[in-house]
Amino acid sequence: MLRVTRSGVALRWRKLRTLLVWGQQQKHAGFSGLSTPPPPAILVPHLFQSASCWKIDGRAVAQDIKDVIAKRVIQLRDQVGAVPGLAVVQVGHHKASDLYSRSKQLACDEVGIASFAAYLPATTPEDEVLELVNVLNADDRVHGILVQLPMPPHIQLDRVLRAVSLDKDVDGLHPINLGRLVLRGLHPTFIPCTPLGCLEILRRSRVQIENKHAVVIGCSNVVGLPTALLLQRQNATVTVIHEHTPNPAEATKRADIVVSATGVAQLVRGHWLKKGAVVLDVGTSAVQDTAADGGYRLIGDVCFEEAEFVASAITPVPGGVGPVTVAMVLSNTLQSALRFFGIATDTSDNSFTTDSHLILRCK
Ligand SMILES: NC(=O)C1=CN([C@@H]2O[C@H](COP(=O)(O)OP(=O)(O)OC[C@H]3O[C@@H](n4cnc5c(N)ncnc54)[C@H](OP(=O)(O)O)[C@@H]3O)[C@@H](O)[C@H]2O)C=CC1
Ligand SMILES: Nc1nc(=O)c2c([nH]1)NC[C@@H]1CN(c3ccc(C(=O)N[C@@H](CCC(=O)O)C(=O)O)cc3)C=[N+]21
């Protein structure tokens, strides 16, 4: 039977319509409105010294974005008497999904976006997942629906992703949205959040993408593939590497920008990288560590201790791409709500969030 959890209490899902649980609205006070000053331009050879590898602070980037979103949420509430709503559907347990769900819940509370989470058992029949998605599609309080991946194998991914209303597809994984990303000259309603976050980090870090060689390691629907497409739309020359690529280091060694999203801990070694490369580490693996809180710690795809002597800039794990991904979910949800209330009908209104939305429209 489907169950949704609210404050740790399991509830039968038939009551769902009346039981949507909305996160506490945060009291907003004291926003600085200040942005982190942009770091110096990189990819300039004289700035490359092994000792000066710049550890990109994803939490600070995310905070800047969240501050802007929080203000816009207050404005929206004053304008229309409602706030944006994000619903997360997770079927079964998966460490990365659990982390993501928790981060999103906290971030929604922080910016005043209403949040709803449905954690369903791994055995939930596909029809019941589809029914839940339809309930959320019809609920005017929900402006964004995010179905967590991976799904258990008995569920046909295509059917679930297609069930999400295009207007609420804040994860950008509906085949029509992903298709629009693939097709030149077309524009998705939403772009997947991690790739969008990677672009936002590069843009805020003043990393030149055009005419550069980027290597993306991993080609999943959620991260690798859309990231490669976005970088290509920004006129990078992109190589995609996967599990069956022979000698991946040969490709990465030539890359100005490396994005790794495999979930293989410490796959990317220092000698894989070109001197001065910019490295975005998306991979997040939980490894046992009895000394750490909860008995585990998170590590990335990149061997940080080696890479920092070669790269000019690198995102750490945790504290790099992850928090920016979450900020992008909030940004897409706000954008969806603004459209719903007729305030922003397309991405030309990006004043509340990031330039990436606008830049990506240009190509
Ligand atoms: N920080 C963040 O914001 C996010 C982090 N993640 C994390 O990123 C990682 C990847 O996630 P996701 O894309 O969903 O994972 P998937 O398992 O869906 O995809 C992994 C990809 O990596 C490739 N791969 C696996 N092993 C190797 C290898 N040895 N060499 C080269 N490529 C390899 C696979 O290749 P093939 O296609 O041949 O199988 C596949 O394309 C995970 O750790 C996840 O937790 C995910 C989303 C957001
Ligand atoms: N449809 C779908 N879209 C996704 O984008 C998606 C998904 N399914 N399934 C799971 C993976 C994983 N993922 C993470 C995003 C942020 C953090 C994150 O915020 N990480 C923090 C650490 C969080 C903590 O410490 O609790 C950090 O790196 O600093 C983690 C994991 C998105 N994913």
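In this predicted model, helix H3 gives the largest share of the shell around ligand 2, six residues. H3 spans residues 95–111. Strand S6 (144–147) and helix H11 (321–340) also supply at least two residues each. The shell draws on two domains: at least three of its residues come from domain 1 (80–166), and at least three from domain 2 (192–322).

The shell holds 20 residues. Twelve are nonpolar, six are polar and two are charged. Arg102, Val147, Leu149, Asp171 and Gly319 come nearest to the ligand.

A polar side-chain atom of Asp171 lies 2.5 Å from a nitrogen atom of ligand 2. The backbone of Val147 places an N or O atom 2.9 Å from a nitrogen atom of the ligand. At Gly319, a polar backbone atom is 2.6 Å from an oxygen atom of ligand 2. Taken alone, ligand 2 exposes 680 Å², and the protein buries 85% of that area.

Six strands form an open sheet. Their order is S3-S13-S10-S9-S7-S8, and the pairing is parallel. Strand S3 (54–55) and strand S8 (237–241) are the edge strands, each pairing on one side only. Strands of a sheet pair through backbone hydrogen bonds. Strand S7, residues 213–217, runs parallel to strand S9, residues 257–260. Four bridges join S7 to S9. Ile217 stands opposite Ser260 in S9.

Definitions and conventions: Residues are numbered from 1 along each chain as its sequence is written. Chains are lettered from A and ligands numbered from 1 in the order in which they are written. This is a predicted model: local features need pLDDT of at least 70, side-chain atom pairs count only at pLDDT 80 or more; totals for chains, interfaces and linings use all residues. Side-chain values use heavy atoms; hydrogens and water are left out. A residue is near a molecule or strand if one of its heavy atoms lies within 4 Å of it. A polar contact is a pair of N or O atoms within 3.5 Å; within protein, one must be able to donate a hydrogen and the other to accept it, and residues adjacent in sequence count only if both atoms are side-chain atoms. Accessible areas come from the Shrake-Rupley method with a 1.4 Å probe; for residues, only the protein chains shown count as cover. Ala, Val, Leu, Ile, Met, Phe, Trp, Tyr, Cys and Pro count as nonpolar, Asp, Glu, Lys and Arg as charged, and the others, Gly among them, as polar. Domain bounds come from an automatic or database domain assignment. Two strands pair if DSSP finds at least two bridges between them.
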